[in-house]
Amino acid sequence: MTALEKAPRVILAPNPSPLTGPGTNTFLLGDREFAVIDPGPDLPEHLDAILAAAADGRITHIFVTHSHLDHSPLARPLAHVTGAPVLAFGPSGAGRSPAMSRIVAAGYAGGGEGVDAAFTPDILLADGETVATGEWSLTARHTPGHFGNHLSFQQGSDIFCGDLVLGWSSTLISPPDGDLTDYFRSMARLQCLGAARLYPAHGAPIEAPAARLAELVAHRRDRTRQILEALASAPGNARELAARIYDVGPTLIHAASRNVLAHLIALDELGAVRHDDEISEDSRFYLK
């Protein structure tokens, strides 16, 4: 591990839940001039913990992987205290796929769970852009799928992958904020980058990235198979299909339904299924 690949400090936000696992990982890179990745939810105690961790230096940059409420809201208070700029791909609508833009233009009004609608970065990061100091270097990789404005940040052979890849669960893909086709493209991109280690925003580091990426891609393809088999038996909307496919409790059935809808939209784009009228929460899908 080189000087620019030191293991980051991790400040765990106190926001555990079924979707965030133990909480949001806020990463601190550097020795004296620090980069913060994913400041997390707007909790005063978490702000204090970040500032305490950086007390032997100063925070110079605040990077945000994507603008969900468990990742980005503390960026502005942290910037106010430190004077550091907030860097991200764009506001919450940035990076939305053409397929998701089409369904929104056609009147779809779903999604929006946990979106930080007020998020606005100070500096927009383009795909492939590098920000570096003498202590750290981060290259932005646009990796939509979980969210349109999602960035991963590469430092040498390590990648901070936000919510795209988790070690303990598969990520939520909730249209129109997330797009399953984008997800597969982003997973393929991470596979090509050949990282030695992934640092997700929730849970422990992933020490065998290639195996985990392959496992998650296979999981999604198997979910597609299950949906097609369910539709072969009877049509249904996303929630009905989720109830037939998933074995989860009531607290997670909504997230399961959102994932199923993402698969259905991708299958519709491929011409494998059809649906009633314009896509909505209650659209019934049929196997072609």
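**View 1. Asp127 and its salt bridge to Arg189.** Asp127 has a relative accessible area of 41% and is partly exposed (buried means under 20%, exposed over 50%, partly exposed in between, with a 1.4 Å probe and protein chains only). Its partner in a salt bridge is Arg189, with the closest N and O atoms 2.7 Å apart (a side-chain nitrogen of Lys or Arg within 4 Å of a carboxyl oxygen of Asp or Glu). Arg189 sits in helix α4 and Asp127 in the loop between β6 and β7 (130-132), 62 residues apart. Helices (H or I, at least four residues) and strands (E, at least two) are DSSP runs, numbered from the N terminus.

This is a predicted model: local features need pLDDT of at least 70, side-chain atom pairs count only at pLDDT 80 or more, and totals for chains, interfaces and linings use all residues. Residues are numbered from 1 along each chain as its sequence is written, and side-chain values use heavy atoms, leaving out hydrogens and water.

**View 2. Asp122 meets Arg76.** Here is another salt bridge, at 3.2 Å from N to O. Asp122 lies in the loop between α3 (98-105) and β6 (123-124) and Arg76 in helix α2 (residues 75-82), so the pair ties together parts 46 residues apart in sequence. Arg76 is partly exposed, at 39% relative accessibility.

**View 3. Glu240 meets Arg284.** These side chains form a salt bridge of 2.8 Å, N to O. Glu240 belongs to helix α6 (residues 238-245), while Arg284 is in the loop between β12 (273-275) and β13 (285-287).

**View 4. Strand β11 (residues 197-200), covered on both faces.** Arg197 and Tyr199 on one side, and Leu198 and Pro200 on the other, are all buried.
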